[in-house]
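Colleague: Please take one close look at the side-chain pairing in this model. How many salt bridges does the structure hold?

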Amino acid sequence: MQNATFLPALGSEIYEGIDVSQFQGNINFAQVKAAGIRAVYIRASLGANYVDPNFIRNYTGAKAQGLLVGLYHYMTAKTTAEAESQARFFLNTIGNRTYDLKLALDYGGDRGLTTEEKNANAEAFLALIARTTGKTPILYSSASDAGDIWSQRIASQYPLWIADYYTPLPEYNSKWTGWVGFQYTDKGSVSGINGNVNRDRFTNNALVSVQPPVTPPATGTKLICYTIQRGDTLSALANRFGTTVAALAALNDIANPNRINAGDVLYVRVPASNPAPCCDTYTVKSGDTLAEIANRFGTTVAALASRNNIANPNRIYVGQVLDLGLCDR
C-alpha cells in the first residue's frame with residue numbers, strides 16, 4: 001500500500017454524498033443534510049420495467065432539502081437492443097424531473113457475457129442517454145472492472161464513478177485519468193437513515209454541465225485541420241500555431257492533453273491569413289450531441305440542423321459527416 005498510486009479526483013470541489021434506493025427505507029433528508037451530506041444519487045429504475053418504489057419519495061425529500069440530486073439506473077441487459085430499451089425506460093421514469101448530477105449507469109446482471117458484450121451493452125445505454133438528453137452520463141464501476149473490463153473507448157467518453165472499499169483513494173489501475181465519483185464504503189452510517197448506506201464523494205465535474213452561450217470565433221480567423229505526426233505534442237503544436245493547449249483540447253474534446261495519437265486529425269483555429277485550407281466538416285463520434293458540437297465550434301444547433309437537413313436535433317448518428325458552415329464566413 002505504501003507504494004500504491006492512486007486515481008485522482010477530477011474537479012476543483014468535492015461533496016460528501018450517499019447513494020440510496022428502496023433498501024434504505026424511509027429517509028429523513030433534513031437529518032441527512034444536517035449530517036453534512038451535500039449530494040445524493042437516487043435509484044430511479046431497475047431492468048426493463050421496475051421503478052424503485054421509493055424513487056419519488058427520495059427525489060422529493062432530497063430536492064426539498066436543497067441537496068444535489070443525481071439519478072441512476074441498474075441495468076440488466078443482455079443485448080444492445082435490451083440496453084437501449086432500458087435506457088429509454090430510465091428516461092421515461094425520470095420524465096421531466098430536474099437533476100443536478102449527471103445521469104448514471106450501474107451495470108449488473110451481466111453474468112455469462114463476454115467482455116466485448118458487456119462493453120457493447122454499456123456503450124449502447126450510455127450513448128442513447130447522451131443523444132437523447134444532450135448531456136454526458138456517468139458509468140458506475142468497481143475498481144477491478146474499471147481496469148479489467150471497460151474499454152478505453154468508454155473511458156475516453158464517459159466519466160467514472162468508482163467503488164473501492166479497501167483504500168483511502170482508488171488505486172490507479174484503470175483506463176480513466178481520474179474519478180468524478182468515489183464510493184468508499186457500503187457500510188456507511190448517516191443520521192436520518194436506519195442501517196447501512198453507501199457513502200460517496202463527488203466532484204463538481206459530476207454536475208450536469210450547462211451549455212454556455214456560444215462564443216463566436218474571433219474575426220480574422222479560420223479553422224484548419226492538422227494530421228498529428230509521430231513525436232508531436234499538444235504543447236509544441238500550440239506554440240507552432242500560436243494558440244494554447246487548453247484551446248486545442250477544448251476544440252478537439254481531448255480529455256488528457258498528454259495523450260494524442262499519430263494519424264489523428266486536430267482542428268486548429270488560426271489567423272485567416274494562414275495558407276492552409278479551411279477545414280469545414282466534422283464526423284460525429286459516439287456520445288456527441290449537436291449542442292456540444294455547436295458550442296465547441298462556435299456555431300448554433302439551429303445553424304447546424306438547417307445546413308445538414310437534420311429534422312430532429314436530438315438525433316445524430318456516429319459516422320455522420322456534418323458541414324459546419326464555417327468556411328462560408
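Modeller: Because the burial of each partner matters to your request, I start with the scale: a residue is buried under 20% relative accessible area, exposed over 50%, and partly exposed in between, for a 1.4 Å probe and protein chains only. The model is predicted, so local features need pLDDT of at least 70 and side-chain atom pairs count only at pLDDT 80 or more, whereas totals for chains, interfaces and linings use all residues. Residues are numbered from 1 along each chain as its sequence is written, and side-chain values use heavy atoms, leaving out hydrogens and water.

The structure holds nine salt bridges (a side-chain nitrogen of Lys or Arg within 4 Å of a carboxyl oxygen of Asp or Glu). One of them joins the side chains of Arg38 and Glu13, with 3.4 Å from N to O. Arg38 sits in the loop between helix H1 (29-34) and strand E2 (39-46), and Glu13 in the segment before strand E1 (14-20), so this pair ties together parts that are 25 residues apart in sequence; helices (H or I, at least four residues) and strands (E, at least two) are DSSP runs numbered from the N terminus. Arg38 is partly exposed at 40% relative accessibility, and Glu13 is likewise partly exposed, at 35%.

A further salt bridge brings together Asp100 and Lys63, at 3.1 Å from N to O. Here the loop between helix H3 (80-94) and strand E5 (104-107) contributes Asp100, while Lys63 belongs to helix H2 (residues 55-64), so the parts tied together are 37 residues apart in sequence. Asp100 has a relative accessible area of 24% and is partly exposed; Lys63, at 27%, also counts as partly exposed.

In the salt bridge between Glu123 and Arg153, the side chains meet at 2.5 Å, N to O. Glu123 lies in helix H4 and Arg153 in helix H6 (residues 152-157), so the pair ties together parts that are 30 residues apart in sequence. In this pair Glu123 counts as buried, at 13% relative accessibility, whereas Arg153, at 45%, counts as partly exposed.

Beyond these pairs, Glu16, Arg199 and Arg201 are linked in a network of salt bridges.
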